[in-house]
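Please look over the structure below before reading on.

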Amino acid sequence: MEKRVTFKGLWLPLLLVLPQIVITAVFFFYPAGQAIWQSLFIPDPFGLSMKYVGLGNFEYLLGNPYYRASFVTTAVFSILVTVVSMGIALYLAVLADRLIKGSGVYRTLLIWPYAVAPAVAGVLWLFMFNTRVGVVSWYLGLLGYDWNHVLNGEEAMGLVVVASAWGRISYNFLFFLAGLQAIPKSVIEAAAIDGARFWTRFRTIVFPLLSPTTFFLLVVNIVYAFFETFGVIHTITSGGPQQSTTILVYKVYADGFVGQDLGSSAAQSVILLVIVGLLTIVQFKFIERRVHY
Amino acid sequence: MADHSGMVEKRGFGLWMTHLGLIIGLLFVFFPIWLALVASTVTQADIMDPPMPLLPGEHFFENYRKALVSGINAPVAWMMVNSMIMALGIAFGKIVISLLSAFAIVYFRFPGRRTFFWLIFLTLMLPVEVRIVPTYEVVAGFGMLNSYSGLIFPLIASATATFLFRQFFMTVPDELAEAARVDGASPMQFFRDILLPMSRTNIAALFVILFIYGWNQYLWPLLITTDPSMNTIVMGIKQMFPSGDDFADWPVIMATSILAMIPPVIVVVGMQRLFIRGLVDSEK
C-alpha cells in the first residue's frame, strides 16, 4: 500500500524518523545484538576477559537438566494460564451475551481488573494464601488441608497460575463478548426453531463462529504467560520451591542478574527471541487473514 | 447487540440463573481486591490473628497516611510520583516519536524508507524482558541508573505505535493532502492542522493503553532503581516485605497495593470507550 499523494523533501522526513531511529538503535538493536554476541562467549572466572565458545553456551543449556526443566515448567504454566483464564472468560461472556439488558453493566464491572498490574495481582493472591495469615489457607486448614506453597511445588504452581489467569480474565472476556455479539442472532434463532437446545447451539454454531477470536486469544495469552507474568512469579514464589515455578523469563533474570552468568543468560535471551519470533509469525499470519492492514 | 427480544434470551428462572452465574464470576474477580481493601483498614494485630475480618475496620486513614507519608523503605506518595512520571513519559514519548515517523514513512518518499520500515517491524518481536541484561548495560553505561530517562527510554524503543499510526494515516483520503499542497501549506502545517486533529481519537485510545503499560511495569524498574526514592509503586510493594523472619506490615502493604491500582483503574473505567478501542487497535 502506497500513498498516491506525497510531499517533496529529503531532510525533513529523515529528521522526522531520526528520534525513533536513535532510540531504537541505542535501546533496542544494540542490546539485541549484544545478546546475540555475548551468547557466543563465556567470561573467565575473574570477569576480565571473554572466551569465544561458539555455540557452547547453547549446547550447555540444552543439555542442562535445570534449563530443560524450565522449558517444561513454562509449557505447563502457559497452557494452564491460557486455559483457565480463557475458560472462565468464555463462560462469563456466554452468560453476559444471553442478557438483553445489563450486559453493559457486567462488562464495566468485569473489565477494570485489567488495570491491576501482574505484580500487584501476585501480592493480592500471596496475601490470601499466605501460610501464616492467609484467609483462604486458614479456611483450607479448617477443612483439614494443609496449604503450603512455600514447600509444595505443585501448590506453588497452582497459585501462580490462578493469580496470572485472574488478571487476564477481563481482557479475554472483552474479546469473547465482542465476538459473541458479532454473531448474527438470526442464525442462532433459526437453530432454536429447529429445536436445537442451548448446548447443541453452542457446540455446533456459536463455538465454530467464535474460532477466530479463540485462536487470536490463544496466541496472545501464551505470549502473556511467557513474558508478562514475571511480576506474579517474582512476588509470589521467586521461582521456587526448588525452581518449580522458574519459567524461562524468570531464569534469564535469575541467571543474568542474580547468578551473574552473562553468557548463559544471553544464550537464553536468544532462545527466547526465537520463540517470540515464531509466536509473532503465527500471530501475523493469522491476523493477515482477519484484518486488512 | 441484542437489540430485540429474541427467543434465545432467557427469561424467568433461566434469567436468574444467568445473573447468578455472572455474580459468582464477579465474586471471584472481586474477592482478592475486597480482601486487600479490608486488610488496608484494620490493624496488624487483626491480621496476625487469623482468620482476619471480612468487613472493613476503622483504621483506614491511619494505614493510608502511614503508607503515603513514611511507607517502609520510601514514602509511597513519592513512589506514585515516580510511577506517574514514568507512565506519562512512556505514553507521551512513544506517541510523539511514533506520530513523527509514521508521518514520514506514509507521506514522503525518501531513500532507506523501506529499510527503516522493516527495521521498526523487527522491534515488534522483542519485549524488554528478553533483552534485559544488555539493555541494563547500555543504560548503566549512560549513567542512567536511578533516573527517569533510564526508566522511560528503553520502554519506548518499539514500534507498535508507529504501525498503528501508519495504518490510520493510510486511510486518510489523499484529497486532503492534495488540497493542502494546492493551498501552499507546508508538510508540517498539513501535519499539525489536518492530520493531528484527525488522529485525536487514535491518540487518546493509545494513550490509555500506554499509560497502563507504563504504570504496571515491574521487571525494568526492579533492575534499574536501586535507590528506594526512585522506586515505582508497583515494584516498590515487593520491596516492603522483610527479607528475614520478620512479619510483613500487611495493612501498609495492602494500602499500597490499593494505591497502586487506583490510577490505572480510574483511567480504564473513566475512559472505557477509548480503552476498549485502544485494546482492539493495539492488538491488530
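## A helix pair in chain B

In this predicted model, helices α4(B) and α11(B) are oblique to each other, because the angle between them is about 140° and only angles over 145 degrees count as roughly antiparallel. Helix α4 spans residues 76–107 of chain B and helix α11 spans residues 200–215 of chain B, and their axes lie 8 Å apart. The crossing of these two helices, α4(B) and α11(B), is right-handed.

On the side of α4(B), the contact is formed by Ser83(B), Met86(B), Ala87(B), Ile90(B), Ala91(B), Lys94(B) and Ile95(B), while α11(B) contributes Ile203(B), Leu206(B), Phe207(B), Leu210(B), Phe211(B), Tyr213(B), Gly214(B) and Trp215(B). Sorted by class, the residues in this contact between α4(B) and α11(B) comprise 12 nonpolar, 2 polar and 1 charged.

## A helix pair in chain A

In chain A, helix α3 (residues 65–98) and helix α4 (residues 103–111) have axes that come within 8 Å and cross at roughly 150°, an angle that makes α3(A) roughly antiparallel to α4(A). Leu92(A), Ala96(A) and Asp97(A) of α3(A) make this contact together with Ser103(A), Tyr106(A), Arg107(A) and Leu110(A) of α4(A). The classes represented where α3(A) meets α4(A) are 4 nonpolar, 1 polar and 2 charged residues.

## Where the chains meet

Between the two chains, 87 residues of chain B are in contact with 87 residues of chain A. On the side of chain B that touches chain A, the residues divide into 62 nonpolar, 15 polar and 10 charged.

Definitions and conventions:
Residues numbered from 1 in each chain as written. Chains lettered and ligands numbered in written order. Predicted model: local features only at pLDDT ≥ 70, side-chain atom pairs only at ≥ 80, totals over all residues. Axes fitted to C-alpha atoms, helices over the stretch in contact; angles between N-to-C directions. Helix = DSSP H or I, 4+ residues; strand = E, 2+ residues; numbered from the N terminus. Parallel < 35°, antiparallel > 145°, perpendicular 65-115°, else oblique. Left-handed = near helix turned anticlockwise from the far one by under 90°. Contact = placed C-beta atoms within 7 Å. Nonpolar A, V, L, I, M, F, W, Y, C, P; charged D, E, K, R; others polar.
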